[in-house]
Amino acid sequence: MDAFYASVEQRDNEHLRGKPVAVGGSRQRGVVAAASYEARQFGVRSAMASSIAIRKCPDLIFVKPRFDVYKAVSAQIRGIFAQYTPLIEPLSLDEAYLDVTNNLVNNPSATRIAQAIKEQIRQETGLTASAGVSYNKFLAKLASDYRKPDGLFVIRPTEGAAFVEGLAVGQFHGVGRVTAAKMNQLGIFTGADLRQKSEAFLTQHFGKVGHHYYSIANAVDHRPVTPDRVRKSVGSETTFEQDLTDAPDLQNSLEPLLDSVWSYCQRTNVLGRTVTLKVKYADFQQITRSRTTPSLITDRTLLKQVSNELLTSLLPVQKGVRLLGIALSSLQDWSTARNGQLSLDL
C-alpha cells in the first residue's frame, strides 16, 4: 500500500488531502509512523523524530494513529487477495507476498492479476497500491518499490540479473544502513560489485546471511511464499518526553512495556524464550542486550525479572536514555509447547 496510514487519514478527512501529513506524535519526543507523499517531498520519512520532521516541513500536519482502523482496512485488502490466491504471506498491515502461479481466477498472467488487484483495492477502499511482479520474492519486493505511488513494475526472468547489478546495495531489501556501510567499506557499492564477490568471501564477512547476499546478487531467491507465517517476535518501546538517567525511573518505565508484551502473549496464546532490551541514548546511540532462558517464559513475573536484569547490567547510565524497548522472541504456540512437555502425572 502507498503511504498506508497517512493515505487512510487523507481518505477519511478531506481537509488533509493534498497536504503534508504525518501519522504519529507531534511532541518533542514524538516519532513519525508514516508520512504522506506530500510530506515526503520535504524529506519527511517514517521513524524520523517529529522535531526533525517539523524542521524539514513547517506546515506538516500531525495526526494521531488509529490502528484499529488500519487493521480493519488491512483485513479488507487481505480479503481481496484471497479472491485470487490462498498463498498470501503478510509482511505487515500494508504489505504481502502473493504466489499466483496457480490462482483462483484462472488467469495465466501475473501482471494482469496485479492490475486487477490494484483496481479492486482502489474501488473498494479508495486507496492506491503498488505492485511488483517477478519470478521470486526478492525481485518482486524490489519491483514493488520501483514506481511508487500507484505503480506496477515487472521484472521478467531474462531481466533479473541485469536489474540487480545496476542497483546500489542499500536498495536491496534486507540490507540496512549499517550493512550497506560495511559493504561499501569492502568495495561493494552495487549489485554488480556484490556479484563479483565469492560466497566464501561474503560468509566470511557477513556470516550465514552471506549466502543470501550471494544468491540475490545473482537474482536467485528460492524462498517460497509461506501463508500464515508465524510471528517471530513481539515488542513494545517508548520514547520519553525527557531523557531518563535515574535507575528507579528507568525500571518503572519498563512496566507499561511489559504489560504490552505480556498482553499480546495472552491474547495470541504464545510464549517466548529470548528477551531483548533496546536502549537509545540522548546522543542517538542505540544498543541491545538479550538473554535466552532455558525454558519458555510462562508468566509476566519471569519476563519482568529477566528484563530488569538486562537493564541493571547497564546501570548506572553515563548519559540520558531517550528510548527504551522490550521484545520477546523465539515465540511458540502455548498449547504446542505444553503438549510437547512430558507429563509428571502418575
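## Exercises on a predicted model

Glu199, Leu202, Thr203 and Phe206 of helix H10 meet Val209, Gly210, His211, Tyr213 and Tyr214 of helix H11; contact means heavy atoms within 4.5 Å. This is a predicted model, where local features need pLDDT of at least 70, side-chain atom pairs count only at pLDDT 80 or more, and totals for chains, interfaces and linings use all residues. Residues are numbered from 1 along each chain as its sequence is written, and side-chain values use heavy atoms, with hydrogens and water left out.

**Exercise 1.** Classify the contact of H10 with H11 and describe its geometry.

*Solution.* Start with the classes. The contact has 5 nonpolar, 3 polar and 1 charged residues. Here Ala, Val, Leu, Ile, Met, Phe, Trp, Tyr, Cys and Pro count as nonpolar, Asp, Glu, Lys and Arg as charged, and the others, Gly among them, as polar.

Next, the geometry. H10 (residues 199-206) and H11 (residues 209-217) pack at about 140 degrees, with axes 7 Å apart. Axes are lines fitted to C-alpha atoms, for helices over the stretch in contact, and angles run from 0 to 180 degrees between N-to-C directions. H10 and H11 are therefore oblique to each other. Angles under 35 degrees count as roughly parallel, over 145 as roughly antiparallel, 65 to 115 as roughly perpendicular and the rest as oblique.

**Exercise 2.** Describe the hairpin of S9 and S10.

*Solution.* S9 (residues 270-281) and S10 (residues 286-297) pair in the antiparallel sense over 8 bridges. Leu277 has Arg289 in S10 as its bridge partner. The hairpin has 4 residues between the strands, and Phe284 takes a positive phi near 75 degrees.

**Exercise 3.** Count the helices and strands of the chain, then give its box.

*Solution.* The chain has 14 helices and 12 strands. Its C-alpha atoms fill a box of roughly 60 × 60 × 50 Å, taken along the principal axes.

Terms used
Two strands pair if DSSP finds at least two bridges between them. Helices (H or I, at least four residues) and strands (E, at least two) are DSSP runs, numbered from the N terminus.
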